[in-house]
Amino acid sequence: MGYDTVVLDPDERAPAGQIANGHIVAPLTDLEAARELASRSDVVTLEWENADLAAVRALAERVPVRPGPHVLEIAQNRILEKEAAQRFGLETASFRAVRSRADLEEAVIALGLPAVLKTTYGGYDGKGQRVIHQSEGTLDAFAELGGGDAELILEGWVDFALEASVVSARSVRGDIVSFPIGENVHRRGILDFTIVPARIPDDVIRRCVEVGAAVMTGLDVVGVLAVELFVTRDHHILVNEIAPRPHNSGHYTWEACAVSQFEQQLRAICGLPLGDARLIRPAAMANLLGDDIGTGRGVPALVEALGDSSVALHLYGKAEARIGRKMGHLTALGDGATDAFERVARAREILISGPSDSG
Ligand code: AMP
């Protein structure tokens, strides 16, 4: 789109740094670095909701930050996030703040088991959470998550039929455009597949879009934001998490929509009109984790996986393939959501297990 970009990231080999015009290599808590970023930028956006709030506030004093620190503050804190959703008239899992063992005992009685104990701050990709099945496991989970020192939250168990997400953009003028609702499948708390359109009734899709819009307006967001949702068996839609940035469950938009979530982010923060987010073709995305592609199957597997010409490959250029780390993803287009899902699952299986003649 012709813009010059500069990124702030402590990692010299950071994926964004590899393609930006400039890269400030410094901790995200470095206020001096934040000031340098501000001085070199007309507008700043976020790619990670665990960015340091103080540094983002310092940035926002000098240059527009979109979405702003007021959105970040809420998205970083699971309790504020749920309270905000409820203020906007939306449903969430039942929850209690847990600052002590006594709080936890009361919360378990109030919410019942199973329940999920999570750190209030800093969790992502299933990190910082424990499912508690029986009361004997309660204190271990409390200790493992640093309870007492760190603030925790106990969430009632949601027996969801399906997880979904709504990725939407809001412009400087306040226009909101939502991408198609994706159906999300998680493995070990990490997004595994997104399947689009979500295979749920039209009226549920429509209500998911409305939930996204309520969050965008309620939080006065400028930029792209994802809301992760639980859809229950009786079609209640619960807000789980808010991510004020392009989201893994929106990566499919690159191939499947006229304008991707990344272009939409630029349009929103640069004061341009938003683009058409309609689905051109059904799509499915499969994540490639460090444990998947660390198997070293190499080029023959890649040749076979990409033998399905509807499959696109994205690798992020991360230097080290750690277990559970998102290294890239595949997107397949299909004749329907299920066809796309089968294609992307097959391609990933080839990458993981090796080409067919390798036994
Ligand atoms: P989160 O980090 O909150 O997105 O949680 C990661 C995953 O754990 C979610 O995508 C769900 O699959 C599962 N999960 C989280 N919270 C709950 C809950 N309260 N009830 C049931 N499953 C949950």
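I start with the shell around the ligand, which takes at least three residues from each of domain 2 (94–156) and domain 3 (160–353). Those domain bounds come from an automatic or database domain assignment.

Before going on, two notes on the model. It is predicted, so to speak, with local features needing pLDDT of at least 70 and side-chain atom pairs counting only at pLDDT 80 or more, while totals for chains, interfaces and linings use all residues. Residues are numbered from 1 along each chain as its sequence is written, and side-chain values use heavy atoms, with hydrogens and water left out.

Back to the ligand. Which residues come nearest? Of the 16 residues around the ligand, they are Arg78, Lys118, Gln129, Glu163 and Glu241; near means that a heavy atom of the residue lies within 4 Å. By class, the shell has five nonpolar, five polar and six charged residues. Here Ala, Val, Leu, Ile, Met, Phe, Trp, Tyr, Cys and Pro count as nonpolar, Asp, Glu, Lys and Arg as charged, and the others, Gly among them, as polar.

Now the atom pairs. Lys118 places a polar side-chain atom 2.7 Å from an oxygen atom of the ligand. For Glu241, a side-chain N or O atom is 2.8 Å from a ligand oxygen atom. At Val158 the backbone takes part: one of its polar atoms is 3.0 Å from a nitrogen atom of the ligand. How much of the ligand does the protein cover? On its own the ligand has 480 Å² of accessible area, and the protein covers 92% of that, by the Shrake-Rupley method with a 1.4 Å probe. The elements that give two or more residues to the shell are strands E5 (115–119), E7 (152–156), E8 (160–170), E12 (223–232) and E13 (237–243). Helices (H or I, at least four residues) and strands (E, at least two) are DSSP runs, numbered from the N terminus.

Next, the backbone. Leu113 and Pro114 are joined by a cis peptide bond, with omega about 0°, and Pro114 sits in the loop between helix H6 (101–111) and E5. Another cis peptide bond, again with omega about 0°, joins Val196 and Pro197. Pro197 is in the loop between strand E11 (190–196) and helix H8 (202–218).

Arg188 is not a glycine, yet its phi is positive, about 50°. It lies in the loop between strand E10 (182–187) and E11, and is exposed at 53% relative accessibility. His235, in the loop between E12 and E13, also has a positive phi, near 65°. His235 is partly exposed, at 31%. The cut-offs are under 20% relative accessible area for buried, over 50% for exposed, and partly exposed in between (1.4 Å probe, protein chains only).

Within strand E10 there is Asn184, buried at 7%. Its side chain makes a polar contact of 3.0 Å with that of Ser165. A polar contact is a pair of N or O atoms within 3.5 Å; within protein, one must be able to donate a hydrogen and the other to accept it, and residues adjacent in sequence count only if both atoms are side-chain atoms.
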